[in-house]
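This report describes a protein model in terms of its strands, core and salt bridges. The sequence and structure are shown first.

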Amino acid sequence: MKDTNAGDSPKVDPKLLEILACPVSRQPLKYDVKAQELISEAAGLAYPIRDGIPILLQDEARPLSVNE
């Protein structure tokens, strides 16, 4: 069963976030705690975080919708 409480979700280390970049745009990523994704606004992609591990593969990313 998936826990929907963001307070209990795995956190991404802030220092790791400082060095991670989108593999497509090479721009910084934003952390979406609620969705457990790393967002690349420049590429229009959201990369999943599974078990606390960012999956920075273009094939695994989902396109961002217009309202995101």
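## Exposure of Lys30 and basis of the model

Is Lys30 buried, partly exposed or exposed? Lys30 has a relative accessible area of 48%, so Lys30 counts as partly exposed. Buried here means under 20% relative accessible area, exposed over 50%, and partly exposed in between, computed with a 1.4 Å probe on protein chains only.

The model is predicted: local features require pLDDT of at least 70 and side-chain atom pairs count only at pLDDT 80 or more, whereas totals for chains, interfaces and linings use all residues. Residues are numbered from 1 along each chain as its sequence is written, and side-chain values use heavy atoms, with hydrogens and water left out.

## Strand pairing

Strands (E, at least two residues) and helices (H or I, at least four) are DSSP runs, numbered from the N terminus. Two strands are taken to pair if DSSP finds at least two bridges between them. Strands β1 and β2 run antiparallel and are joined by three bridges, with Tyr31 opposite Leu38 in β2. These two strands form a hairpin with four residues between them, and Gln36 in the turn has a positive phi of about 55°. Val33 belongs to the loop between β1 (30-32) and β2 (37-40) and is partly exposed at 30% relative accessibility.

The hairpin of β2 and β3 has four residues between the strands, and Gly44 takes a positive phi near 70°. Along β2, Glu37 and Ile39 point one way and Leu38 and Ser40 the other way, yet all are buried.

## Nonpolar core

A nonpolar core is a set of buried Ala, Val, Leu, Ile, Met, Phe, Trp, Tyr and Cys residues joined through side-chain atoms within 4.5 Å. The largest such core has 10 residues: Val12, Leu17, Leu20, Cys22, Leu29, Leu38, Leu45, Tyr47, Ile49 and Ala61. Strand β3 (residues 45-50) gives the most to this core, with three residues.

With contact defined as heavy atoms within 4.5 Å, Leu20 touches Pro28, Leu29, Leu38, Pro54 and Leu56, residues up to four places away in sequence not being counted.

## Salt bridges

A salt bridge is a side-chain nitrogen of Lys or Arg within 4 Å of a carboxyl oxygen of Asp or Glu; the structure holds three. In one of them, the side chains of Lys30 and Glu41 meet at 3.3 Å, N to O. Lys30 lies in strand β1 and Glu41 in the loop between β2 and β3, so the pair ties together parts that are 11 residues apart in sequence. Glu41 is exposed, at 55% relative accessibility.

Arg62 and Glu37 form another salt bridge, their closest N and O atoms being 2.8 Å apart. This pair links strand β5 (residues 62-63), which holds Arg62, to strand β2, which holds Glu37, across 25 residues. Arg62 is partly exposed at 30% relative accessibility, whereas Glu37 is buried at 10%. Glu60 and Arg50 are likewise bridged, with closest N and O atoms 2.8 Å apart. Glu60 lies in the loop between β4 (53-54) and β5, and Arg50 in strand β3, 10 residues apart. Glu60 is partly exposed at 36%, and Arg50 is partly exposed at 41%.
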